[in-house]
Amino acid sequence: IVDTTTSTTPVATTATTSSKVKENYWKDRVLAFASAVHPRLGANSPVSVLMQGGGSDLIEYIALLARPALVVSGSWDKTIKVWDTERRICLRTLTGHTEPVRCVAATPTVVCSAGHDKAIRVWKINTGECQRVLTGHTHWVLCLQLLAAEDTLAGEVTLVSGSRDRS
């Protein structure tokens with residue numbers, strides 16, 4: 001993967017067209033998963049509100065943080081949203097992807113996102129600033145995982161990605 005950090009100029013986004021039945025099915029699944037693993041994600045949570053009309057398109061993936069109490073969502077509308085589960089509000093919307101966002105990973109300071117545009121973006125969670133754009137995959141990026149420093153041989157936070165290009 002190559003770091004091709006570019007300007008953080010926002011990219012205009014438009015919602016993609018998707019079947020309402022399929023969209024509701026996936027929204028229900030994400031909400032059920034989130035509610036099962038995070039006690040603050042009940043019927044009036046930001047994720048629940050997002051799933052029921054607060055977002056403009058299908059939510060593909062979420063990352064949950066306990067401290068601070070945040071939910072990060074990636075969507076087919078090409079955006080990433082950072083939600084405060086204490087105050088039940090969207091703190092910021094991150095824009096820059098040119099295709100749907102398929103995966104997100106987060107730490108208390110960093111959000112990583114990727115998807116159909118084959119790029120991995122690294123954002124500051126507290127400002128929404130895009131710090132890096134990593135390229136190198138030749139097909140959609142479908143999964144991301146951030147490994148804590150204590151879990152790696154190098155003793156540094158490590159980002160791992162998986163793509164439809166089989167790398």
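What pattern does the protein chain follow when read along the sequence? The order is β-α-α-β-β-β-β-β-β-β-β-β-β. This is a predicted model. Its secondary structure comes to two helices and 11 strands.

**The chain overall**

The protein chain has 167 residues, and 44% of them are buried. It exposes about 8900 Å². Carbon and sulfur atoms supply 53% of that area. Among contacts with a separation of 6 or more, 44% join residues 24 or more positions apart.

**Strand E4**

Strand E4 covers residues 79-84. Six of its six residues are buried, so the strand is largely enclosed by the rest of the structure. Buried here means under 20% relative accessible area. Both faces of E4 are covered. On one side lie Thr 79, Lys 81 and Trp 83. On the other lie Ile 80, Val 82 and Asp 84.

**Its two partners**

E4 pairs with strand E3 (residues 70-75) in the antiparallel sense. It also pairs with strand E5 (residues 89-95), again in the antiparallel sense.

| Strand pair | Bridges | Residues between the strands | Positive phi |
|---|---|---|---|
| E3 and E4 | five bridges | three residues | Lys 78, about 75° |
| E4 and E5 | six bridges | four residues | Arg 88, near 60° |

Each pair forms a hairpin. Val 72 has Val 82 of E4 as its bridge partner. Thr 79 has Thr 95 of E5 as its bridge partner.

How values were computed
Residues numbered from 1 in each chain as written. Predicted model: local features only at pLDDT ≥ 70, side-chain atom pairs only at ≥ 80, totals over all residues. Heavy atoms only, no water. Buried < 20%, exposed > 50% of the residue type's maximum accessible area, 1.4 Å probe, protein only. Contact = heavy atoms within 4.5 Å. Areas by Shrake-Rupley, 256 points an atom, 1.4 Å probe, with all protein chains shown as cover. Pairing = 2+ DSSP bridges.
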